[in-house]
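Here are a few friendly notes to read alongside the model. Take them one at a time, and keep the picture open as you go.

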Amino acid sequence: FDGIPLGEMNTSMTINATAMWLLALYQTVAEEQGAAPQQLQGTTQNDIIKEYLSRGTYVFPPGPSLRLITDMISYTVTSIPKWNPINICSYHLQEAGATPVQEIAYAMSTAIAVLDAVRDSGQVPPEQFGNVVARISFFVNAGVRFVEEMCKMRAFVQIWDEITRERYGVENPKQRRFRYGVQVNSLGLTEAQPENNVQRIVLEMLAVTLSKDARARAIQLPAWNEALGLPRPWDQQWSLRIQQVLAYESDLLEYDDIFAGSAVVESKVAELVSAAREEIDRVQAMGGAVAAVESGYMKQQLVGSHAERRARIEAGDDVVVGLNKFTTSEENPLLADLTSAIQTVDPAVEAQAIADVEKWRAERDNDAVAAALAELKAVAATDANLMAASLTCARAGVTTGEWA
């Protein structure tokens, strides 16, 4: 962030297990620049439940992880009020095999677990709880089944409004707003005939833009060659241009919702809402999302759904163009040199990172580091909020590994 004024930026961090630490580092750098915490805007993903269910980059057990999330949300709502302290991710659940019903239900179950924990911690006065709800954001997936994905977004909005009003008593409709961004599906992108991924990406983007009442405010698109490896800057630019053509060349943004009054849409939304409520209730009966993770229930459900999807593709019941049907192909000139069709990372990057950490540790005040870590350990053994001790560590020059 050297030369980047953090008081004027909106920064998104795809960080989870160590989210509190990354925020502490970010606030410390901002202070060194002369910016106040109240100026800072951005998002920390900070959703540990989906790490257990899909990505696997958890560090701490579910209970202590939820404590870190609770402390961080409680801190930001008063000290960094423009910050989004958690970005609950249904995106990764679909990548792990979730059906639309499971995607809605498990994301909402995660939100309930987090909000219950913050409420029950007593760190936020009841009259300020609406501010907590208002800072919750979501990261949603959009698959290739256009109508179902569009209806899923409507179902998300409806269920979130009900939960925040009925369970938490939030009366302000602005605080109940379902705030979300979307990355379109990567699971369905194919290595076979990867050029077909372009039209898949466009269709998935339309599912969350064409209908105004189910329109994402922020979108990320994968690249056509993402099933092969890391996309190059040019490939990423192509995906950006897809969004820009839709926004600036089409008339998409000129009309109210073109699906308003559709019996098909209304019926599908009602079906998704009903099924998602049932699954949410099932998870709550188990003791909530953390208990359902610890028991293995939610993971088993996703694995089962993913296995069923693979079986349908392998049997040919679900057609994937270029993979299990229409497999003959002309030579793809974009893949003439496969080594240049994807981006590679220089191994020297790893060596440089190690050298930088070693140099950092050698040059800092290690007595201050030891004192800061001792304070962090002492506070972790209590119920006190861990953010202040984490900030002390950041200012002393503690490393990520040492904080963890």
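1. What share of the contacts in the protein with a separation of 6 or more comes from residues 24 or more positions apart? Such residues account for 77% of those contacts. Please keep in mind that you are looking at a predicted model.

2. Now for the overall build. The protein has 17 helices and seven strands. Its C-alpha trace spans about 65 × 55 × 45 Å along the principal axes. For 404 residues, a compact globule would have a radius of gyration near 22 Å, and the protein agrees with this because its value is 23 Å.

3. Of the 404 residues, 49% are buried. The accessible surface comes to about 19,500 Å², and carbon and sulfur atoms make up 53% of that area.

4. You will find Lys-50 in helix α2, residues 49-55. Is Lys-50 buried or exposed? Buried means under 20% relative accessible area, and Lys-50 counts as buried because its relative accessibility is 1%. Beyond its neighbours within four places in sequence, Lys-50 is in contact with Asn-16, Gln-45, Arg-55, Cys-89, His-92 and Leu-93.

5. Two residues deserve a look at their backbone angles. Most residues other than glycine have a negative phi. Asn-46 is not a glycine, yet its phi is positive, at about 60°. Phe-326 is not a glycine either, and has a positive phi of about 55°.

6. Where do these two residues sit? Asn-46 lies in the loop between β2 (41-44) and α2. Phe-326 belongs to the loop between α12 (297-315) and α13 (338-341). Asn-46 has a relative accessible area of 3%, so this residue is buried. For Phe-326 the relative accessible area is 53%, so this residue is exposed.

Key:
Residues numbered from 1 in each chain as written. Predicted model: local features only at pLDDT ≥ 70, side-chain atom pairs only at ≥ 80, totals over all residues. Heavy atoms only, no water. Helix = DSSP H or I, 4+ residues; strand = E, 2+ residues; numbered from the N terminus. Rg over C-alpha atoms; globule rule 2.2 N^0.38 Å. Buried < 20%, exposed > 50% of the residue type's maximum accessible area, 1.4 Å probe, protein only. Contact = heavy atoms within 4.5 Å. Areas by Shrake-Rupley, 256 points an atom, 1.4 Å probe, with all protein chains shown as cover.
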